[in-house]
Amino acid sequence: MVYRPLTLLFLALVLGSCDSDSEPIDAGPGDAGPQDAGIPPEICMGAPAGTAPSIPDPGTPEAPPDLDCGTPEIVAGTTLWRWPYLESVTPSSVRIAWTTTSGGRGVVRYAADPAGAWTELEAVSEMFPTTRTAQAMDYVAFDATLEGLTPDAAYCYEIVEDGVVLARNLRFDTAWTGTDRPVRVLVIGDSGNGSAEQAAVRDAFMTQEYDLFLHMGDMAYDSGRFEELESYFFDVYRDLMHRVPIFQTLGNHENATDLGRPYLDVYHLFENAWRTDELERYYSFDYANIHFTSLDSNEDTLFRVYASGDRTDDDMFDWMIDDIGSSTADWKVVFMHHPFYSSSDRGIRQNHIDNFLRILEDLGVDLILAGHDHHYERTVPLLDGCTAVEPEGITQIISGAGGASLRAVTADRWFTAAIENTTHTYTRLEIHGCRLRGQALDTGNAVVDEFELYGCDP
């Protein structure tokens with residue numbers, strides 16, 4: 001997207017806004033509360049000025065590394081509790097975590113070939129007693145960061161405790177730079193209630209291959225407690241996460257318990273926020289030619305940011321401006337829980353648009369991914385509160401139909417390009433060079449929306 005000088009455009013002061021007196025559906029702990037009616041649609045009627053450039057052909061895609069580690073096996077009869085899951089992958093490192101109920105010496109063995117030679121790395125461990133988690137039993141959490149790896153490479157690995165193999169024939173891939181290989185991204189949100197619909201969405205997306213798993217938050221209803229994260233996230237997606245790294249953002253339901261403490265304790269996210277007390281609440285990372293930024297859109301954080309009003313506190317907005325503004329990646333993708341524009345009863349979050357989205361527009365963000373509202377929706381490209389063309393405008397996608405009950409929407413909003421609230425869905429993105437191909441698919445893998453976006457400056 002074309003970079004625009006940083007100027008906060010307080011559009012609400014010009015156009016005005018109207019707060020709804022009704023309580024939003026599924027408010028939940030820490031929800032945003034009643035929302036603004038937003039910009040009068042007549043302001044944005046008509047086709048936007050300009051013509052979007054043609055999306056260049058990225059060329060023949062490079063295939064993923066070819067490595068057969070065998071059939072993944074979680075060994076029966078051991079003390080393994082939470083299956084291995086991948087996090088914080090980079091071109092030269094990956095973090096692997098798991099839990100057991102015994103807590104011996106845990107190690108990861110890994111090799112670039114299933115025949116060896118194998119490297120062994122001892123994991124760090126932390127006790128999680130029932131007095132801390134209110135779960136059925138004490139357990140020990142292990143995590144190991146494997147470093148010095150080859151970019152764009154595949155490795156086999158296994159998990160061992162006190163010489164006993166807990167899981168074997170597993171595989172992870174490192175990240176890469178450049179544009180030769182497409183990045184395949186799974187996006188879901190608002191999934192964590194243990195419903196049949198959550199399982200159906202999972203079964204559908206498990207038929208395809210991914211490089212990244214992005215979760216838009218509300219992965220553990222009702223309030224993000226340890227047992228809810230275990231039952232509604234780790235147990236449900238365990239067959240995916242031992243081979244595809246998970247990157248998540250903090251939902252209002254996870255934030256409800258001790259401001260997200262269980263969430264922060266069970267995940268190992270990049271610690272690149274400036275404030276020590278906000279590490280992992282927001283973070284960023286690069287993958288291929290994409291800069292991903294996960295932001296905390298919960299009211300507790302935004303209230304403090306808005307109240308500050310300057311850049312002296314090193315808050316999330318200060319960090320965000322520095323982080324996204326300094327990126328030279330072709331694509332700048334932001335993912336967070338709460339959307340700015342929605343056709344649900346929550347509507348347009350005008351205050352957040354004026355004080356939050358305007359900054360993202362100025363920073364040249366190309367795509368915003370969100371959840372919170374329980375449907376699928378894709379906006380037209382938007383800029384300064386009106387329709388625009390790519391690459392100036394930002395497209396927003398709500399992928400909030402991952403398992404929780406679906407919600408009513410108004411289907412003819414001026415900002416909506418596609419919408420679906422009659423079936424549960426997930427979103428699949430493939431980013432290759434300057435082209436993004438996206439699909440929203442239902443539990444039968446039928447395509448309910450299909451689109452292309454352009455992410456490079458013309």
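**Helix α8 and its buried face**

In α8, the helix spanning residues 299–308, the buried residues include T301, L302, V305 and S308 (buried: under 20% relative accessible area with a 1.4 Å probe, protein chains only; exposed: over 50%). Helices are DSSP runs of H or I with at least four residues, numbered from the N terminus.

F303 and A307 are exposed on the face of α8 turned away from the buried side. The buried residues of α8 pack against α9 (316–325) and α10 (350–362), contact being heavy atoms within 4.5 Å.

**Basis of the model**

The model is predicted: local features need pLDDT of at least 70 and side-chain atom pairs pLDDT 80 or more, while totals for chains, interfaces and linings use all residues. Residues are numbered from 1 along each chain as its sequence is written, and side-chain values use heavy atoms, without hydrogens and water.

**Cavities**

The structure holds 2 cavities of 30 Å³ or more. A cavity is a set of points on a 1 Å grid over the protein atoms alone where a 1.4 Å probe fits but cannot get out, and lining residues have an atom within 4 Å of a point.

The largest cavity has a volume of about 60 Å³; its lining includes F340, Y341, L357 and E361. The second largest cavity holds about 30 Å³, and among its lining residues are L302, F340, H352 and F356.

Notes:
Helices (H or I, at least four residues) and strands (E, at least two) are DSSP runs, numbered from the N terminus. On a 1 Å grid over the protein atoms alone, a cavity is a set of points where a 1.4 Å probe fits but cannot get out, and a pocket is an open set with protein on both sides within 12 Å along at least five of seven lines; lining residues have an atom within 4 Å of a point. Grid points are joined across faces, edges and corners, and a volume is the space filled by probe spheres set on the points.
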